[in-house]
Amino acid sequence: MAAGNPILQIDNITLAFGGVTALNGISFDVAEGEICAVIGPNGAGKSSMLNVISGVYVPQTGRVVFREQDCTRKRPRQIAQLGMARTFQNIALFQGMTVLENILTGRCMKIRSTWIEQGLNIGRARREEVENRRAVEEVIEFLHLQGIRKTPVGKLPYGLQKRVELARALVAEPIMLLQDEPMTGMNLEEKKDMSCFALEINREFGTTIVLIEHDMSVVMDISDHVVVLDYGAKIGDGTPDEIKNNRDVIDAYLGVTH
Amino acid sequence: MIYRETGTFITSYIEDRKLFPIPFDKWAMALFMLFMVFVIPFIASDYWLAAHLIPILAYGTAALGLNLLTGMTGQLSLGTAGFMCFGAFFTFNIMLRSPEWMNLPLALMLAGTVTGVIGIIFGLPSIRIKGFYLLVSTLAAQYFALWFFRSYPYFLNYATATVTLPDHHFDLFGIGETFDVDMASFEAKYLLSLGIVTALALFAKNLMRSATGRNFMAVRDMDIAASVIGIPVIRTKMLAFFVSCFYCGVGGALFCYAYLQVLGIRTFEMNRSFEILFMVIIGGLGSIAGSFYGTILVYEFPILFSWAGDYIFKGAFDTAVVDNVAKIMYGILIIALLIREPGGLAALWATAKQKLRTWPFPH
């Protein structure tokens, strides 16, 4: 998809835990409507980067600007309200709930009725339940989850849990979607499905996607823009073709003779 | 063969959200409620009402309150009896110090609300701490309640230890005088408790199948993920404390008004908190009906065992010995139950229903 104006600007982010610097002066832009892949060897700081963007971590220096609003010190909920949704590396579903309930939680920001109306099950609360259910059903259909609506998520295999988590993020109708290793631990078939979903989400809803992925063939195939991190520093930033030929990136992945 | 979904076709999202999706369940529940309202008051003796049904309803309300907090939202609490204490004392004081038009159900709601606000204050530590640490900090509520009402005898109307709750507090809109019925009879107290408990249980059930309930469970299961998808975690926890303490407060007030007939501080010692926690764990954490199953088991079994002991040994042993053996038996039973089914009675019941649904074919 054609890249537009920057929707997300990462400006000189530094994040340290005690003595360990996880991110060191990282800057990059994500354009509206693109699929941006963040890659790098283990421990490069990719997940930390995503946690900074979604507000789970607060960086020591630097700024995160999302939709022209400074999000650096905003809480995760406030950032979610701006239209950002994400999935986690280790599946972060609500284990005690069914697939349907899990996906419904993704609609929590659309709820206008108060808890008293919900407890009495009157007017607005009833209507909202039906509206939200309709939105959830659309996502269920989109991601082919029809057969497992009422299954407790804990009983599902890994690949399906990942898909339910994607559904939960998607049902919030995000403007930008962050995916932390959506395809790790999946077989070829499941990876293909997940890549297709990412592309469809991007094309159909115009959602900007930032994803972390290790599988280079997937990354090179689906992304418009690749950012490479290594030891908390940015070593590459460009189109997949530019990255393929970037000397530093090749060194970081394959090693370099000293 | 009656008990199944076959033949019930769900054609709208509203229907899929029904409380009783299986018609058999709906009719069984309706019959049960009719029986509880129209038959029980006429056939049950005062002993059954006063010593079994009413205390179960009162305990059940408090257990439901704790279950909303601990089972649904995952916030451990040992302050239950403290919150019951607040509820009972506030109800008494509202009834005592208000003009004529005040009535017991309204006073219960007001006292519940005040207790809920106190619950929010004692729930504040939950913003930063979890699990056992929170459990310890909720003990503060327990001790504070007892200290507070001991220190300010005003709230007990300057009585020395207990106050007998006056009968006229039970009169509703002058119904008693107009129709010449005894509103302070056990039948009336039972019906009042039943009405309040049914309304509160229904409210809880509705809450749990709506957005608020899902927020509660999301916070319980994984609060970081909850905050990232936009659930206001702190607000949700505070709301859970409010609703839970509202229920506990009403439960405490019913406990004194409908069951004990007297109000005193000693009623709400630490033991009571533990008792209600056991009810919730045995009944099933996170299940509304489970709160009541647990209440019935924890309340009735010691009575049943000690009665059975007396009956079998017919005074061959000292009653104290028989009583203690009964308690040991009861303890063993509970351990066995929790090993067999950690989800408590509610989980057992769900399994049984599932079996019934697929019977006679196991798959």
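**Exercise 1.** Work out why the radius of gyration of chain A agrees with that of a compact globule.

*Solution.* Start with the rule: the radius of gyration is taken over C-alpha atoms, and the globule rule is 2.2 Å times the number of residues to the power 0.38. Then look at the C-alpha trace, which spans about 70 × 40 × 35 Å along its principal axes.

A quick note on the model before you go on: it's predicted, so local features need pLDDT of at least 70 and side-chain atom pairs count only at pLDDT 80 or more, while totals for chains, interfaces and linings use all residues. Residues are numbered from 1 along each chain as its sequence is written, and chains are lettered from A, with ligands numbered from 1, in the order in which they are written.

**Exercise 2.** Find which way the side chains of β6(A) point, and which strand pairs with β6(A).

*Solution.* First, the terms: strands (E, at least two residues) and helices (H or I, at least four) are DSSP runs, numbered from the N terminus. Chain A has 10 helices and 10 strands. In β6(A), A:M84 and A:R86 point one way, A:A85 and A:T87 the other. Now the partner: β6(A) pairs with β7(A), residues 176–180, in the parallel sense over four bridges (strands pair if DSSP finds at least two bridges between them). One bridge links A:T87 to A:Q179.

**Exercise 3.** Describe the side of chain A that touches chain B.

*Solution.* Count first: the contact takes 33 residues from chain A and 26 residues from chain B (contact puts C-beta atoms, placed from the backbone, within 7 Å). Now find the main contributor on chain A's side: α5(A) gives the most, with five residues. Finally, sort that side by type: 17 nonpolar, nine polar and seven charged. Here Ala, Val, Leu, Ile, Met, Phe, Trp, Tyr, Cys and Pro count as nonpolar, Asp, Glu, Lys and Arg as charged, and the others, Gly among them, as polar.

Technical notes:
Contact = placed C-beta atoms within 7 Å. Buried ≥ 20, exposed ≤ 12 C-beta atoms within 10 Å, placed from the backbone.
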